[in-house]
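My entries follow the structure.

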Amino acid sequence: MTPHTPAATLSRSINDRVLAGVLGGIARRMGWSSTAVRLGYIVLSVLSAAFPGVIVYLVLWLVLPEGD
């Protein structure tokens, strides 16, 4: 039986940030490249007329605690 290691919690990154660390924290939690997450977020925001992407980012900035 292997010991249980808790999964990383979803929080803002203080080491991998451009603005508030939201996308860096999401990338860390999912185990993905932070560059890929940022590029994907930009593409999705532009395709959805950018406004909802900005709102989602601001809400996540306010809701997610700082981690690391």
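I looked up Arg38 and found it buried, at a relative accessible area of 19% (buried is under 20% relative accessible area, exposed over 50%, partly exposed in between, with a 1.4 Å probe and protein chains only). The model is predicted: local features need pLDDT of at least 70, side-chain atom pairs count only at pLDDT 80 or more, and totals for chains, interfaces and linings use all residues. Residues are numbered from 1 along each chain as its sequence is written, and side-chain values use heavy atoms, with hydrogens and water left out.

I searched the whole structure for salt bridges (a side-chain nitrogen of Lys or Arg within 4 Å of a carboxyl oxygen of Asp or Glu) and found three. Arg38 pairs with Asp16, their closest N and O atoms being 3.3 Å apart. Asp16 is partly exposed, at 27%.

I then examined Glu66, which is partly exposed at 48% relative accessibility. Its side chain meets that of Arg12 in a salt bridge at 3.9 Å, N to O, and that of Arg17 at 3.2 Å, N to O. Shared partners join Arg12, Arg17 and Glu66 into one network. Arg12 is buried, at 12%, whereas Arg17 is partly exposed, at 35%.
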